[in-house]
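Please open the structure in your viewer and keep the selection tool at hand.

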Amino acid sequence: MNKDYKIIKRLKNYLYMPLYFVFVLLFFNIGIYFTDRRAGIIFSVFLLVYAVYVFTVYMLNRPALTKEILNFATQYSSVQRKILDNFKAPQAILDMNGKIIWVNKQFEAVTGKSKNYHKTIFSIFPMISKERLQSEKEAEFLIEWEDKFFRGEISRISFQKGLNEESILDVEEEGQNFIFFCLFDETKLNHYIKAFQEQKLVAALIYIDNYEEALDSIEEVKRSLLTALIDRKVNEYFLKVDALVRKTEKDKYFVVFKYKYLNILEEDKFSLLEEVKNVKVGNEMAVTLSIGVGIHGDGYVANAEYSRMAIDLALGRGGDQAVVRKDEDVFYYGGKLKTVGKNTRVKARVKAHALRETLESRENVIIMGHNISDVDSFGAAIGIYCMVKALNKKAQIVLNEVTSSLRPLKECFSPEKGYPEDLFINSERAMEIISRNTLVMVVDTNRPNYTECPKLLERGNAIVVFDHHRQGTEVIKNPILSYIEPYASSTCEMIAEVLQYFKENIKLESEEADSIYAGILIDTNNFMTKTGVRTFEAAAYLRRCGAEVTRVRKLLRNDMNSYKERAEVVRQAEVYKGAFAISVCPSKTESPTIVGAQAADELLNIIGIKASFVMTEYQGKIYISSRSIDEINVQLIMERLGGGGHLNVAGAQLPGCTLAEAKRKLQITINDMIEEGEIEI
């Protein structure tokens, strides 16, 4: 029942109350007859007179009372209509299909539509959803209309048949539903919010990646000139956005500017990164910068922390790039060139000592790499096992699936050769044996979802990460020790360096040295990609420890079926845009992802191919292996597809799509990056 009906019923009850009281008195009159007949007769006469009087008064005053009620309703409706019509907020009443039935004067003034305009509200405001209008009793819409911003609110109302001619609507049915639509002008509010946001200060950190190396490459008399030119470039670049630049250390800057200028820097794609590389005073090595910006935090302290996290991420990805962290979202700019490796091994020595202290404080160690483990991941895990064994601690390696390329290496660590039977365990067993005193060691990946057992990271209270891949948005949280070097050729190279400083005279068995050496060999494509001085030094160390090139080569040989599949992938490759080779690897082989990666390397041997992409459908996902020599940064392409890697070796995993869809996504990504200037062909 509607509210108006409730009020009318209550009023009727109030008017009928004297008549109801007659029946109450009649009940008492009957009782009096049983006690005193004479008194009952007297009370009956009084009751009869009272009833006649009440009924007469009610019948005489009923028409006048009804008239007064109608007059009040008429006046109330008229006042209500005038109030709505002259209300400062634009208002309209719509039917359930969105058709405009009535509008007030302010709505006419804002939209320019008269009271005779009876089309749908969608013809004026196309951004309003008809589905929400009909399905929701209350809803809000953000409306932009002729350089103004409105907040539109709708609510469902019910009208009764009018008692007079002053009703704003002609209601045909009792309880008919309509939609009340109201606009609130928030143009000024949005302007003030935007102005307030734009005036906020943004803190940024700038680090020179290779300061010492660049200075060492020029004459001593020119070093101060190089430093001065870099300072000038940094100050001039930020001067155009009215920024405050302060040099905190010889290779570090602190910058403060208004938020409204951040869009300018992003549209410019932080061209400072390229400008600094052009500073030449005889230095052979180009100077590169890393920039970290943090915004959308709860306050300036939070933004400063975001800036620090952004600069750490930029450095962890190899430098020469800007990283902007907006709350949980991270945006990357630059990072197109090959990362410059540092010849100093001081960091490796520091990490080796820190790792040893960490291992000594734990009872046992569980080592795991990424899922579908490759030779680099396996070799790095074996290297960590050697360190733990040297401290007389127990170490176990999580290995759920053994690929055909990995099986010959794994068979070298059998109990017959003196290795524990439980050296290799699966994820279920790892979850059973982990305790508070267990160290979880992650190698060759820094993404939690890529590990052999992601749940192990949630259970472990002590995690160490060793990896050579660039960091992305998704990283392993709160490791007690992290050693990530994107310029390293492989994780096995990093492990070989750490082994030299971990403990004096640490002894490696021949199969252990072979496994670590094999990891370097595979990730460098037989020392043809991503090799530096430290790569060969690590290989030389392993050779001294007993690694034998011939034996490793035999371990890494493929069977005939895999070789044929790889040749078939190369044969079916399509050339896209005249520079990109795209092919599909069939999932018939035991290790299709390994075959796909090998085929991607083979495709680079074709003249004119600047980057290769091989897609493989495996375990419900599409795996993409991408390779390049030096002209195309495939890591940037794979990042847009949710993956990552290095400048010339990268990959991605696409769940929930077909090979055709994955191929189309890859082609669209390449097209977009060519249009944006990220790729030049």
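Begin with the largest nonpolar core, which has 62 residues; a nonpolar core is a set of buried Ala, Val, Leu, Ile, Met, Phe, Trp, Tyr and Cys residues joined through side-chain atoms within 4.5 Å. Here buried means under 20% relative accessible area, exposed means over 50%, and partly exposed lies in between (1.4 Å probe, protein chains only). The model is a predicted one, in which local features need pLDDT of at least 70 and side-chain atom pairs count only at pLDDT 80 or more, while totals for chains, interfaces and linings use all residues. Residues are numbered from 1 along each chain as its sequence is written, and side-chain values use heavy atoms, with hydrogens and water left out.

Select Leu355 and Phe466, the residues with the most contacts inside this core. Next, colour helix H12 (residues 375-390), which gives the most to the core, with 11 residues; helices (H or I, at least four residues) and strands (E, at least two) are DSSP runs, numbered from the N terminus. Another core, of 37 residues, lies apart from the largest one and includes Val202, Ile208, Leu215 and Phe270. In soluble globular proteins, nonpolar side chains tend to be buried together.

Return to Phe466 and display its surroundings. Leaving aside neighbours within four places in sequence, its contacts (heavy atoms within 4.5 Å) include Leu355, Met441, Tyr483, Thr491, Ile495 and Val498.

Now select helix H16 (residues 491-502). Its 12 residues reach 16 Å from the first C-alpha to the last, close to the 16 Å expected at 1.5 Å a residue; the expected span is 1.5 Å times one less than the number of residues. How many of the 12 residues of H16 are buried? The count is 10, and H16 is mostly covered. Among the buried residues are Thr491, Glu493, Ile495, Glu497 and Phe502.

The next stop concerns aromatic rings. The whole structure holds 16 aromatic pairs: rings of Phe, Tyr and Trp (its six-membered ring) pair if their centres lie within 6.5 Å, and planes under 30 degrees apart count as stacked, over 60 as edge-to-face and the rest as tilted. Select Phe46 and Tyr50, a stacked pair with 6.4 Å centre to centre and 20° between the planes. Both lie in helix H2 (residues 37-85), 4 residues apart, about one turn of the helix. Phe46 is partly exposed, with a relative accessible area of 47%, and Tyr50 is also partly exposed, at 23%.

Move to Phe270 and Tyr333, whose ring centres are 5.4 Å apart with planes at 50°, so the pair is tilted. Phe270 lies in the loop between helix H8 (262-267) and helix H9 (272-277), whereas Tyr333 lies in strand E11 (residues 329-334), so the pair ties together parts that are 63 residues apart in sequence. Both Phe270 and Tyr333 are buried.

Then select Phe378, Tyr385, Phe413, Tyr419 and Phe424, which ring pairs link into a cluster.

Finally, colour the model by pLDDT, the predictor's confidence in each residue, from 0 to 100. The protein chain averages 84, and 89% of the residues score at least 70. Confidence is lowest in helix H1 (residues 3-35), at a mean of 70, and highest in strand E12 (residues 364-368), at 95. Over residues 161-169 the pLDDT is below 50. Where pLDDT is low, the predicted coordinates should not be read in detail.
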